[in-house]
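Subject: Structure for you to look at

Hello,

Here is the structure I said I would pass on. Please open it beside this email and follow along.

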Amino acid sequence: MPPAFACRQLSKRYGGTQALAGVDLSVEPGELVGLLGPNGAGKSTLTKIACGLVRQSGGEAEVAGARAGSAPARAEVGYLAELFRFPDWLNADELIELHQALAGSAGGAAERAELLELVGLADARGVKVAAMSKGMQQRLGIAQALVGAPRLLLLDEPTSALDPVGRRIVRDLLSELRGRGVAVLLNSHLLSEVELVCDRVAILLAGRIVAGGTPAELARPRGVEIQTGRGVRAFPEAGREEVPRIVAELVEAGEDVYEVRLLTSTLEEAYLEAVGAA
Amino acid sequence: MSGALVIARYALREAVRRRVLVVVVVLTLAFLALYALGTNAAFDQVEGYADPAQQLDERVLTGSTLLGLSMFTTLFLGAVLASFLTLGAVRGDAERGLLQPLVVRPVGRTSLLLGRFCGAAAVCSSYVAAVYLAALLITGAAGDWWPDRIVAPGLGLVVGVLVIAALSLLGSVFLSATANGIAIFMLFGAGLAAGLLGQIGDALSVDTLETVASVCSWLLPFEALYQAGLDALTEDVGGVTGVIVQLGPFGGAQEGGPLLWLWAITYLGLVGLAARAGFARRDL
C-alpha cells in the first residue's frame, strides 16, 4: 500500500519568498504526524500542496499514490484550513450534505449523523453556522473534512479555538481515526497536543525539515532527580544505567530514598532548540 | 458535470436563503408599478396629439421609447444582479476562507466555475426575461402597441446579462470583490457611453464616433445586444417615426444580425476559457 502522503524535494516559491525548500516527508496509513514550526515556516504551504490548493514549484508530492492535487488524490483527502469559513446560511446537517455531494459520498443521513456525533455536534445538526461559536465551527470543520472517509486528513490548527473539552474530543477522535487506518498530518502550535497524540513529529524552519522523529526520539535525557529524606538531589549528567549505583551510594551514606525520576526534555524544549530560539 | 450542478444548486440556494431574490422581486415590483403608471400616463397624453402630416405615429414612438427605456433598466438591474452574484466567487470567497473547503473536493475547479456561472445565469436570465415580459405586457395593455419583434429583444437582454455575469466571474478570478464590482460597473458604463457616442455620431454624421461606438459595442457585446434589441422593437417601422425611434433611449438602435449572436456565444466561451485558465493557475 502506498504511503497516505509522500513528498520528495518539495519546493514552493511565492515571488521572491521561498516557502518550501526541498522537503522530504511521508505519512503512512494510520500514522499521525505533527508538523511544527514557527509562523512562515511552510507548514500551511505543505498541507495546501497536499490537498491541491497550491501548486508546487519543484519536487513531487503524492497522496495515496496519486499526484497531489489531481482528482483521484483529492478524493482521498479531507482538509480543514486554519482560516476557514462556512456559509452562515447553512445548518450543520446541510453543510455536511453539501460536502457529501461534492465528495460523491453515498453515506447519506447515516454518515451525517455519525460524523456530527463523532465531533460532539449531534444535538446541533439543525443549528445554522451563523449561530455557532468558533469552537463549534471548528468541530463542524473536522466533521466536513471526514466526509467520504478520506485516507489522509490534513488539519491546520484544528484545535486553536477549542476549549479543553473540545480538545479532548478532537484528541479522542484522532486516536479513533488512527485505529481506522486514517493518516493525519496535523499542523499545530500547541506542542502539548502534538506530543499527546502524534506518532511522529517534523519540525519545519524556513521551508526545510530541521528535526524529525517520534516525540520520544526528539526528547533528550536531562539527568536524574532523586527525592531523599533530606530533599531532592539532582544528578544532571546521570543516565538511566547509573540509577542503581547512585541509589546504592545514597543508601550506603545513610539517606532514605523515596523516589527516582529520569528527566527528559519536553517536546517544547526540543522544538525551541531545533528552531534556534532556546 | 454533476459537480457543476451541485455548485449551481448551492448558488441558487444561497440566492434564496440570503433573501437576494425577495429584495429583488419587491423592488422590481415597485419599478414595474411605476412603469405601469408612467406608461398609462404617457399614452393618455399622446392620444390627443395629431400629426397633421401624419408622418409621425405617436403610439409607436411612445411605446418603443418607453419599452426601450424599460429594456435599459432591465439590463441595468440584470447587470447589478449578475455582478453581485458572481463578483466575489473566486478571490473574494478565497480571501474569506469560503472557497478552499469546496476546491479541495474532487469536483474540480472548472466544474466549480461552471456551477457558479450556471447558478447566476439561471437567476439572472429568469429575472431579465420576466421583467422584459412584464414591461412588454404593461406597454401593450396601456397603449395597445406591440413591438415588431417580441422574442429577439428579450433574448438579447438575457444573453447580454449572461455576458456580464461571465465577465464578472472572470474578474473574480483576478480581483478582490470590491475591485471587481467597480470594474464591472465601469465596463457597463463604458458600454453605455459608447452607445451614446454612437447616437451622437449618427445624428451628426461623425464617422469616427460611429466607429468608436461600433468597436466598443463589439468588445462589450452586451451593449451591441441591447442596441440590436432596440432595433428589433421597431424593425418594420419606416418614415419619420422610424428615423426617430432608431436614435433610441440610452444608446442608438443598431441592427445586430446573426453574426452578433455568433460573436456573443463565442465571447461567452472565450471569457469562460480565460476564467478557467486563470483559476487553474491560482494558488489558494
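This is a predicted model: local features need pLDDT of at least 70, side-chain atom pairs count only at pLDDT 80 or more; totals for chains, interfaces and linings use all residues.

Start with chain A. Helix α4 of chain A covers residues 108–118, and its buried residues are R112(A), L115(A) and L116(A). Looking down the axis of α4(A), you will find these buried residues within an arc of 95 degrees, so they line one face of the helix. They pack against two other helices of chain A, α3 (92–103) and α5 (134–145). Just after α4(A) comes G120(A), which has a positive phi of about 75 degrees.

Next, the contact between the chains. Here 23 residues of chain A are in contact with 20 residues of chain B. On the chain A side, the elements that give two or more residues are α2 (71–74), β6 (77–80) and α3. Of these, α3(A) gives the most, with five residues. By type, the chain A side divides into 16 nonpolar, four polar and three charged residues.

Last, chain B. Helix α12 of chain B runs over residues 258–281, which makes 24 residues. From first C-alpha to last, α12(B) reaches 35 Å, close to the 34 Å expected at 1.5 Å a residue. The buried residues of α12(B) are L260(B), A264(B), Y267(B), V271(B), A275(B) and F279(B). Among the elements of chain B that cover them are α6 (109–143), α7 (151–174) and α10 (221–233).

Regards

Technical notes: Residues are numbered from 1 along each chain as its sequence is written. Chains are lettered from A and ligands numbered from 1 in the order in which they are written. A residue is buried if 20 or more other C-beta atoms lie within 10 Å of its own, exposed if 12 or fewer, and partly exposed in between; C-beta atoms are placed from the backbone. Helices (H or I, at least four residues) and strands (E, at least two) are DSSP runs, numbered from the N terminus. The arc is that of the directions from the helix axis to the C-beta atoms. Two residues are in contact if their C-beta atoms, placed from the backbone, lie within 7 Å. Ala, Val, Leu, Ile, Met, Phe, Trp, Tyr, Cys and Pro count as nonpolar, Asp, Glu, Lys and Arg as charged, and the others, Gly among them, as polar. The expected span of a helix is 1.5 Å times one less than its number of residues.
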